[in-house]
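Hi everyone, thanks for coming. Today I'd like to walk you through one protein model, step by step. Please have a look at it first.

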Amino acid sequence: MIIDTTNLPDGTAIEADIVIIGGGMAGITLARQWAEKAKTIALLESGGREMEDDAQDLYAGTGTLAVDGSPDTDIDEYLTTSRARFYGGSGNWWGGKSVPLDPADFAKRPWIKNSGWPMSRADLQPYYDRACDMLEISRFDKDYAAPQHDGRPPLDINGSRRVTSLPRDYTRVTGRTNTDHFENFIYGFTDAANISVYLHANVVDFNMNTARTALNSLGVVGTDGRRFAARGTTYILACGGIENARLLLAANDRNNARFGSRSGALGRYFQGHTTIDKERSAKEHGTLLHFSNPPGSLSLYADRAPGAPHAVLGTTLEGQSHYRSGAFTVTLGLDEERGETDEQALRTTASRIDQAALTADNDQGCWCYFMTENLPNPQSRVTLTEAVDTHGVPRVNLRWEYGAADIDNLERSVDAFARELGSSGAGRVSYPIERGEIAGAMGPSRHHMGTTRMHADPAVGVVDTDLKCHDANNLYVTGSSVFPTSGIANPTLTILALTLRLSDHLQEKLGA
Ligand SMILES: Cc1cc2nc3c(=O)[nH]c(=O)nc-3n(C[C@H](O)[C@H](O)[C@H](O)COP(=O)(O)OP(=O)(O)OC[C@H]3O[C@@H](n4cnc5c(N)ncnc54)[C@H](O)[C@@H]3O)c2cc1C
């Protein structure tokens, strides 16, 4: 059932066994797992069915992108353009690019400070498989460096074990396309007798018990200022990578809670993703790849149709260990992204690759962009400002750092990749970006990770390995805020996998 709080009397008590805060990709994934089960579910969503300016404004705040060696950039607008505050969340806008984290991303890498997940890729693989099924894409269980894929051969970098081909795919389950896949995803479960989705239900308060060890209830405000209380035995916070931290920080201020108090990690370690590339000009060439012995077809790297997995090049754990670098990928550019059609782009790419050396005055080589892992850094963080939103909740300030260590890592990674390609005779890399030009070469993605990081030790993390808050027995957090490191994978598939894992944990603990 879908209930709009504008139709509820002031003071209505919302009661359910499990209360989910946030109706985005994560909250909806969780709720779907409980449809037709014995437990009752209340899903509280701040927005309505469509975007509304008043609701979207609750996301407004201040932001700075601090890139070492460049002047700080004001990114206030990023806070409202990189996330959507209505039912379906940013799933209404997402590109649908679905990518699992690599095995290397989960590893404790001694040369990367604060790295290591409390689980491996193999541990998460069954949940990735289920997440792929939900998103109606094929499972990421093949080796993309192996010569298969329906006649689409991977590039051979002379058998290098340091550079490999990594898979990506696009789902149709997104509000961006004009299909019913997303409608089914967000509404297909809401008729179940045990599910109540509340729209225009803004959670503003986390009322704790007197010992401050568990949540007693949530304070909820409707768009017209009507107030409600929501009570359950178990609560799940699923409001996105920035808002999860904002709400817990606000609860520490407003409700005398102590989330993250033992680690001081709440709001810190914010990580984002950004592409880095430079367009060629008449005088200079841009970021380019030239392959000396290209395979007959590059379609494994160029095809980007939904449901047909494609690949990028990236460093393996062995490569990262050898070069003391973090995750790094190179995506071959479709010139479609620069205004050509699919077919033209493929033809252009193929003809460039068939030709010889990279020089500034010819048009050879394949445009590409680079991505490096944004390293976990406690100074890159979400804090609260003095300003408050219309419901009195402090607005957010985001300081996103891409520090000297990130730039060192980027340059080391490009160098490593170029060495692997060059020494094997497979090709050449052009990376004509000076250190001070990096800020201008960045294309920030709308991925927000790390602000409620997961760690078994309350002195280090905000949530434990089951995603339970270290500082509240009955509150769990799901979403990219729990990622200890960000890899280079677009985060939503991993958000879904972690949420499915959380759901199984709760079904085991509470009974379904
Ligand atoms: C333009 C764009 C393109 C993207 N492309 C990709 C892509 O190709 N691949 C990829 O993996 N990711 C992509 N992303 C990121 C992706 O959309 C997010 O990772 C994903 O949607 C996060 O899901 P979530 O449920 O954790 O958070 P959200 O989708 O942000 O959902 C949070 C929900 O909580 C609600 N909420 C917030 N505060 C409150 C409150 N106080 N009370 C009640 N409810 C509240 C919000 O209204 C929202 O519905 C993109 C994002 C954008 C904006």
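I'll go from the overall picture to the sheets, and then to the ligand.

Two housekeeping points before we start. Residues are numbered from 1 along each chain as its sequence is written. The model is predicted, so local features need a pLDDT of at least 70 and side-chain atom pairs count only at pLDDT 80 or more, while totals for chains, interfaces and linings use all residues.

How confident is the predictor? The pLDDT, which is the predictor's confidence in each residue from 0 to 100, averages 91 for the protein, and 92% of the residues score at least 70. Where pLDDT is low, the predicted coordinates should not be read in detail.

Now the overall form. The C-alpha trace spans about 75 × 45 × 40 Å along its principal axes. The radius of gyration is 23 Å, which agrees with the value near 24 Å that a compact globule of 512 residues would have. That radius is taken over C-alpha atoms, and the globule rule is 2.2 Å times the number of residues to the power 0.38.

The protein has 13 helices and 23 strands. These are DSSP runs numbered from the N terminus: helices are H or I with at least four residues, strands are E with at least two. Two strands pair if DSSP finds at least two bridges between them.

Let's take the 6-stranded sheet. This open sheet runs β1-β9-β4-β3-β13-β23, with parallel pairing. Why is one side of β1 and of β23 left without a neighbour in the sheet? Both stand at the edges, β1 at 2-4 and β23 at 475-477, so each has a single partner strand.

Another open sheet has 4 strands in the order β2-β12-β11-β10, and its pairing is mixed. β2 (13-15) and β10 are the edge strands here. Inside this sheet, β11 (215-221) and β12 (227-231) run antiparallel, joined by 4 bridges; G219 is partnered with A229 in β12.

Next, keep an eye on β20, residues 394-402. With β19 (381-388), the pairing is antiparallel over 5 bridges, and L384 stands opposite V396. The hairpin of β19 and β20 has 5 residues between the strands, and G392 takes a positive phi near 85° there.

Finally, the ligand. How many residues surround it? There are 38, and the closest are G22, G24, G89, G95 and G240. A residue counts as near if its C-beta atom, placed from the backbone, lies within 6 Å. The shell divides into 13 nonpolar, 19 polar and 6 charged residues. In that count, Ala, Val, Leu, Ile, Met, Phe, Trp, Tyr, Cys and Pro are nonpolar, Asp, Glu, Lys and Arg are charged, and the others, Gly among them, are polar. Of the elements, α1 gives the most to the shell, with 3 residues.
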